[in-house]
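Hi everyone, thanks for coming. I'd like to walk you through one structure today, so please have a look at it while I talk.

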Amino acid sequence: MDAEQDTRSTAADGGLRSAVVVNPVKVTDLDELRETVDAALTAAGWPPPLWFETTPDDPGRGQTEEAVSAGVDVVFACGGDGTVMSCVSGLVGTDVALAVLPQGTGNLLAANLGLTGDLAAGLEVAVERGRRQLDVGAVEDNYFTVMAGMGFDAQMLDATSETTKARIGWPAYVVGAARHLRDRPMRVTIRIDDRPLLRRRARSVLVANVGRLQGGVTLLTGAEPDDGWLDVAVLTPRTLRHWLAMGWALVRRRGSVPRMEVFRARRVEITSNRAQPRELDGDLISPGRRLTAEIRPRALWLCVPQPEQAPDLAVDASAAGERGEELVGEARRE
């Protein structure tokens, strides 16, 4: 499907059936959100969506599975990284597409779509029916679309308060990171597919499906979301100077990044000498000594601004945002 082609539904075809899985804690005014989403989809010729609220006991997976059973075509994940990850876990292996309506501070998948904080763009991307079938990573019974990690990255998330995130946004993670720059490294063994074991003293090991972090920084330029591979980054800085050199290289993105090794795998098993914090798509999971991730090729349909085989999912995101503002404005005038 051509991303430039206007493929919106009309009232004649009834539009697509959809559901919104929303984390009410992340939304300032749920009634206003519901009114905006319902009106925009109606203006696009879609029927009113089903609405499901997440709970502390079920952050989205059960609600997503219920929506799939109800026969929807699209599930809107409306919340932070945890909500999106839970919705992904309920959609893997189905023909139902995921659309992201970012509400939290992190929103790693939304950042890779270029949609962070942009409700109108998220709606427009779904309405235009741009679709891309992506790989996902599997960790135990959970799935990730962006990256999983053990060590420093999860420590940073754990050290970042919700209050600070709400006040200043993604730069809050820099504050959390500063608290752990001088922590001692972990001793890890890494099994990449069936290759010999690697042994490293690492601060963090990241397993990525796509490569962009918060703030527009690209960690892994070669990570593509539908190439059948996971990219494994092993970070081994030991001093503040090492961290600064690594950060500067990532910002400039010229040549190799010091203190970072990159491998490709379909299955990777990371084992630490002691229990470590772990995360999936920016959301903490229980600490552990092991993180095992496997690729699930083309297991998720995602609504994207640009469905062609471009490595960067965010192509055309700004234009989609402008079209989305027109859609929302049209809905409010009716």
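Let me start with a question: is Phe76 buried or exposed? Phe76 is buried, with a relative accessible area of 0%. Before I go on, please keep in mind that what you see is a predicted model.

Now the overall picture. The chain has 334 residues, and 56% of them are buried. Its secondary structure consists of ten helices and 14 strands. If you take the contacts between residues at least 6 apart in sequence, 72% of them join residues at least 24 apart. The accessible surface is about 14700 Å², and carbon and sulfur atoms account for 49% of that.

Searching the whole structure turns up two aromatic pairs. One of them is Trp46 with Phe76, a tilted pair at 6.5 Å centre to centre, with 45° between the planes. Trp46 sits in the loop between α1 and β2, while Phe76 belongs to strand β3, so this pair ties together parts that are 30 residues apart in sequence. Trp46 has 3% relative accessibility and therefore counts as buried. Then we have Phe152 and Trp243, also a tilted pair, with 4.5 Å centre to centre and 40° between the planes. Here Phe152 comes from helix α6 and Trp243 from helix α9, 91 residues apart. Phe152 and Trp243 are both buried.

Next, two helices. In α3, residues 81-91, eleven of eleven residues are buried, including Asp81, Met85 and Cys87. Just after α3 comes Gly93, which has a positive phi of about 85°. Helix α5, residues 119-127, has eight of its nine residues buried, and Glu124 is among them. After α5 you find Arg129, again with a positive phi, near 65°.

What is the nearest side chain of opposite charge to Asp281? That would be Arg61, and it is 12 Å away. Asp281 is buried and has no salt bridge. What the Asp281 side chain does reach is the backbone nitrogen of Thr145, at 2.8 Å. Beyond its neighbours within four places in sequence, Asp281 is in contact with Thr145 and with several others, among them Leu108, Phe144 and Met147. Asp81 is on that contact list too, and you'll remember Asp81 as one of the buried residues of α3.

Methods. Residues numbered from 1 in each chain as written. Predicted model: local features only at pLDDT ≥ 70, side-chain atom pairs only at ≥ 80, totals over all residues. Heavy atoms only, no water. Buried < 20%, exposed > 50% of the residue type's maximum accessible area, 1.4 Å probe, protein only. Helix = DSSP H or I, 4+ residues; strand = E, 2+ residues; numbered from the N terminus. Lys, Arg positive; Asp, Glu negative; His and termini not counted. Salt bridge = Lys/Arg side-chain N within 4 Å of Asp/Glu carboxyl O. Polar contact = N/O pair within 3.5 Å; in protein donor to acceptor, adjacent residues only side chain to side chain. Contact = heavy atoms within 4.5 Å. Areas by Shrake-Rupley, 256 points an atom, 1.4 Å probe, with all protein chains shown as cover. Phe/Tyr/Trp six-rings, centres within 6.5 Å; stacked < 30°, edge-to-face > 60°.
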